[in-house]
Amino acid sequence: MCESLLSVPRVAQLLDVSRRSVYRYISAGELSVVDLRTGSERSRVRIPSGDVHELIRRRTALTAG
């Protein structure tokens with residue numbers, strides 16, 4: 001089964017951050033992208049949903065009980 005690919009605005013919405021923050025995560029290597037560009041048109045990146053879940057898992061702080 002193929003995992004879902006999410007747009008940058010959708011990832012920003014899910015994480016409750018700006019689109020700029022999503023691009024920072026991409027630049028930092030915390031999120032990977034799939035470029036769906038065809039020909040010379042503008043880049044159309046999508047982010048695998050599993051990467052978003054993994055980012056959340058890595059950044060979830062465990063509280064001491």
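Reader: Which residue stands opposite valine 34?
Author: Arginine 46, in E3. Keep in mind that this is a predicted model.

Reader: How many bridges join E2 and E3, and in which sense do they pair?
Author: There are 2 bridges, and the pairing is antiparallel.

Reader: What's the strand order in the sheet?
Author: E1-E3-E2. The sheet is open, has 3 strands and pairs in the antiparallel sense.

Reader: Which strands stand at the edges?
Author: E1 and E2, the latter covering 34-35. Each has a single partner strand, so one side of each has no neighbour in the sheet.

Reader: Now the helices. What does H3 lie across?
Author: E1 and E3. H3 runs at about 55° to E3.

Reader: Which residues of H3 are buried?
Author: Ser49, Val52 and Leu55. Seen down the axis of H3, the buried residues fall within an arc of 120°, so they line one face of the helix.

Reader: What do those buried residues pack against?
Author: Strand E1 (5-6), H1, H2 and E3.

Reader: And which exposed residues sit on the face turned away?
Author: His53 and Arg57 are the exposed residues there.

Reader: Switching to the core. How many residues make up the largest nonpolar one?
Author: 12 in all. Among them are Leu6, Val8, Tyr25, Leu31, Ile47 and Leu55. Helix H1 (8-15), H2, strand E3 (45-48) and helix H3 (49-59) each give two or more residues to this core.

Reader: Which element gives the largest share?
Author: H1, with 4 residues.

Reader: Why would such side chains gather?
Author: In soluble globular proteins, nonpolar side chains tend to be buried together.

Reader: Take leucine 31. What is it in contact with, leaving aside neighbours within four places in sequence?
Author: Leucine 31 is in contact with Val11, Val22, Tyr25, Ile26, Ile47, Asp51, Val52 and Leu55. Val52 and Leu55 are also buried residues of H3. Leucine 31 itself belongs to the largest nonpolar core.

Reader: Last one, arginine 20. Where does it lie?
Author: In helix H2, residues 19-27.

Reader: Is arginine 20 buried or exposed?
Author: Exposed. The relative accessible area of arginine 20 is 59%, and the exposed label applies because that is over the 50% cut-off.

Reader: What separates its C-alpha atom from that of proline 9?
Author: 9.6 Å. Arginine 20 and proline 9 are 11 residues apart along the chain.

Key. Residues are numbered from 1 along each chain as its sequence is written. This is a predicted model: local features need pLDDT of at least 70, side-chain atom pairs count only at pLDDT 80 or more; totals for chains, interfaces and linings use all residues. Side-chain values use heavy atoms; hydrogens and water are left out. Buried means under 20% relative accessible area, exposed over 50%, partly exposed in between (1.4 Å probe, protein chains only). A nonpolar core is a set of buried Ala, Val, Leu, Ile, Met, Phe, Trp, Tyr and Cys residues joined through side-chain atoms within 4.5 Å. Contact means heavy atoms within 4.5 Å. The arc is that of the directions from the helix axis to the C-beta atoms. Two strands pair if DSSP finds at least two bridges between them. Axes are lines fitted to C-alpha atoms, for helices over the stretch in contact, and angles run from 0 to 180 degrees between N-to-C directions.
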